[in-house]
Amino acid sequence: MQKQRKSKVIYSTKWIAYTAVLTALVIATSFISPIPIPPFGNIYWCDGVIFIAAYLLDPLSAFIVGGVGTLLYDLIHANAAMMLPSLLIHGLQGAVVSLLLHYVFPKKWEALWAGVSSVIGALIVIAGYFLLRVAVQSKALEYAAFRIVANIVQEIIGVTVAMVICYATTFKKQLIKSRLLPDFKSEILQKAEDTPHDNEIAEINGDNAKINGDNNEN
C-alpha cells in the first residue's frame, strides 16, 4: 500500500547562514546613531543592508532580513507599537525588490533593473510609513507628508550604498563566481521536490531487499 507523503522544504545551511547574518546586520546597523535632519526626522542605516539582501537572495530570505531584522530591533528597544509595521513595511521592501529583480525583470542589464526594483521598494517604505502615520497613528496629512522627506533621504542613501557595494564593485560577481551564494531554486525548491521521491525509492529498495531475503529463506 502506497503511503501519502507531504512535500518537505529543506533549507540549505548556506541559505540559513546568509539569512541569519544579514538579519543580524540589519539589527546592528539600526543601532548606529541616526542622522537627525530637523524638522523632518531621523535617517537610519538599515535600508542599505535590506537592499543588499534583496540583490543577493530570494524573496523569502529578503523578507526575513528586512522584516524580522527591523522587528527584532524594535523588540530590543521595547517599541512594541512599531514591531508589526516594521515587519510588514521592510519585509515587503526586501521581498518585492528581490522578486522583481530575480523573477520578473530580465537578467540582462541587471544593475539597471536592480535600480528600478529598488525605486519600487523605496516607494513601498515611503508609502508604508505615510499610511502608518495617517491611518494608524491618526496624524495630520500635513505632518505625514512633512515626515516623508526623511524617508526619501533614507531610501536614497540605502539604495546608493547597496548599488555601489553590489554593482559598482565586483562583490556580487565574485560571490556568484565562487559559488558562495545560495541558489534558492536548486538548493531549496529542487530539494523539496526530490526529497519525497528519494524517500519512496529508498522504501521500495528496502521492500525489495526484504522480499529477496524471505525468498532465500524459503
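Modeller: Let's start with α5 and α6, which are roughly antiparallel to each other; angles over 145 degrees count as roughly antiparallel, under 35 as roughly parallel, 65 to 115 as roughly perpendicular and the rest as oblique. Their axes cross at roughly 155° and come within 9 Å. Axes here are lines fitted to C-alpha atoms, for helices over the stretch in contact, with angles from 0 to 180 degrees between N-to-C directions. The model is predicted, so local features need pLDDT of at least 70 and side-chain atom pairs count only at pLDDT 80 or more, while totals for chains, interfaces and linings use all residues. Numbering starts from 1 along each chain as its sequence is written, and side-chain values use heavy atoms, leaving out hydrogens and water.

For orientation, the protein has 8 helices and 2 strands, and from the N terminus on its elements run α-β-β-α-α-α-α-α-α-α. Helices (H or I, at least four residues) and strands (E, at least two) are DSSP runs, numbered from the N terminus. Helix α5 covers residues 110–136, and helix α6 covers residues 141–168.

Now back to the pair. On the α5 side, the residues making the contact include Glu110, Ala111, Ala114, Gly115, Tyr129 and Phe130. Among their partners on α6 are Leu141, Tyr143, Glu155, Val159, Met163 and Tyr167. Contact means heavy atoms within 4.5 Å. By class, this contact of α5 with α6 divides into 17 nonpolar, 3 polar and 4 charged residues. Ala, Val, Leu, Ile, Met, Phe, Trp, Tyr, Cys and Pro count as nonpolar, Asp, Glu, Lys and Arg as charged, and the others, Gly among them, as polar.

α6 also packs against α2, residues 47–56, with axes 8 Å apart and an angle of about 45°. That angle makes α2 oblique to α6. This crossing, too, is right-handed. From α2, Asp47, Gly48, Phe51, Ile52, Tyr55 and Leu56 take part, and they meet α6 residues including Gln154, Glu155, Gly158, Val159 and Met163. The contact of α2 with α6 has 10 nonpolar, 3 polar and 2 charged residues.

Helix α2 is mostly covered, with 10 of its 10 residues buried. Buried means under 20% relative accessible area, exposed over 50% and partly exposed in between (1.4 Å probe, protein chains only). Asp47 and Tyr55 are among those buried residues, and the group packs against α1 (13–30), α3 (59–76), α4 (80–104), α5, α6 and α7. For the protein as a whole, 39% of its 218 residues count as buried.

Met163 sits in helix α6 and, leaving aside its neighbours within four places in sequence, is in contact with Tyr55, Ala111, Ala114, Gly115 and Ala168. Apart from neighbours within four places in sequence, Gln154 touches Asn42, Ile43, Tyr44 and Asp47.

The structure holds 1 salt bridge, meaning a side-chain nitrogen of Lys or Arg within 4 Å of a carboxyl oxygen of Asp or Glu. It joins the side chains of Lys172 and Glu110 (2.3 Å, N to O). The pair links distant parts of the chain, 62 residues apart, with Lys172 in helix α7 (residues 171–177) and Glu110 in helix α5. Lys172 is buried at 6% relative accessible area, whereas Glu110 counts as partly exposed at 23%.

Finally, look at the loops on either side of α5. Trp109, in the loop between α4 and α5, has a positive phi of about 55° without being a glycine; Trp109 is exposed at 62% relative accessibility. Ser138 lies in the loop between α5 and α6, again with a positive phi, near 55°, and is exposed at 61%. Most residues other than glycine have a negative phi.

Methods: Left-handed = near helix turned anticlockwise from the far one by under 90°.
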